[in-house]
Amino acid sequence: QVQLVESGGGLVQPGGSLRLSCAASGFNFPHYIIGWFRQAPGKEREGVSCISSGDSSTYYGDSVKGRFTVSRDNAKNTSYLQIDSPKSEDTGIYYCAAEGPDPLLLVRQCWLIQGRYDYWGRGIQVTVSS
């Protein structure tokens with residue numbers, strides 16, 4: 001059974017830091033692009049960041065560049081989203097998702113297009129507030 005489970009969310013103060021984790025099971029994690037998305041209250045879900053399968057190339061949405069860092073540990077079947085200097089507008093439900101497979105690990109880019117992703121986690125709340 002395919003599962004993506006987010007953890008590490010909660011309340012964080014503006015200017016603080018938080019690390020989200022996405023633990024995967026039931027599919028060949030190293031051969032999948034991992035994307036992170038979020039949905040703020042009253043808004044549509046948007047792409048935040050992604051990391052490729054082939055060489056762990058990364059991509060970030062404009063609103064989080066320089067503050068968020070995506071990574072992956074294929075040995076642990078886990079992706080991470082480090083959130084530094086969060087702002088109130090970063091509040092929302094954060095989802096991880098997987099796109100693939102990339103059998104030969106040739107994919108060296110990723111895209112924040114929700115329709116490309118095959119598997120989704122249930123999401124986790126992040127609230128930025130003092």
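This is a predicted model: local features need pLDDT of at least 70, side-chain atom pairs count only at pLDDT 80 or more; totals for chains, interfaces and linings use all residues.
1. Position of S57. The residue S57 lies in a loop, with β5 (46-51) on one side and β6 (58-60) on the other.

2. Exposure of S57. The relative accessibility of S57 is 22%.

3. Surroundings of S57. When neighbours within four places in sequence are set aside, the contacts of S57 are C50, I51, S52, R108 and C110. A separate polar contact links the side chain of S57 to the side chain of D55, at 2.7 Å. As for V70, the C-alpha atoms of S57 and V70 are 9.7 Å apart, with a separation of 13 residues in sequence.

4. Order of the sheet. Four strands form an open sheet in the order β1-β3-β8-β7, and their pairing is antiparallel. The edge positions are taken by β1 (3-7) and β7 (68-73). Each of these two strands has a single partner, so one side of each is left without a neighbour in the sheet. From one strand to the next, the twist averages 15°.

5. Pairing of β1 with β3. Strand β3 covers residues 17-25 and runs antiparallel to β1, to which five bridges join it. Within this pairing, Q3 stands opposite S25 of β3.

Definitions and conventions. Residues are numbered from 1 along each chain as its sequence is written. Side-chain values use heavy atoms; hydrogens and water are left out. Buried means under 20% relative accessible area, exposed over 50%, partly exposed in between (1.4 Å probe, protein chains only). Contact means heavy atoms within 4.5 Å. A polar contact is a pair of N or O atoms within 3.5 Å; within protein, one must be able to donate a hydrogen and the other to accept it, and residues adjacent in sequence count only if both atoms are side-chain atoms. Two strands pair if DSSP finds at least two bridges between them. Axes are lines fitted to C-alpha atoms, for helices over the stretch in contact, and angles run from 0 to 180 degrees between N-to-C directions.
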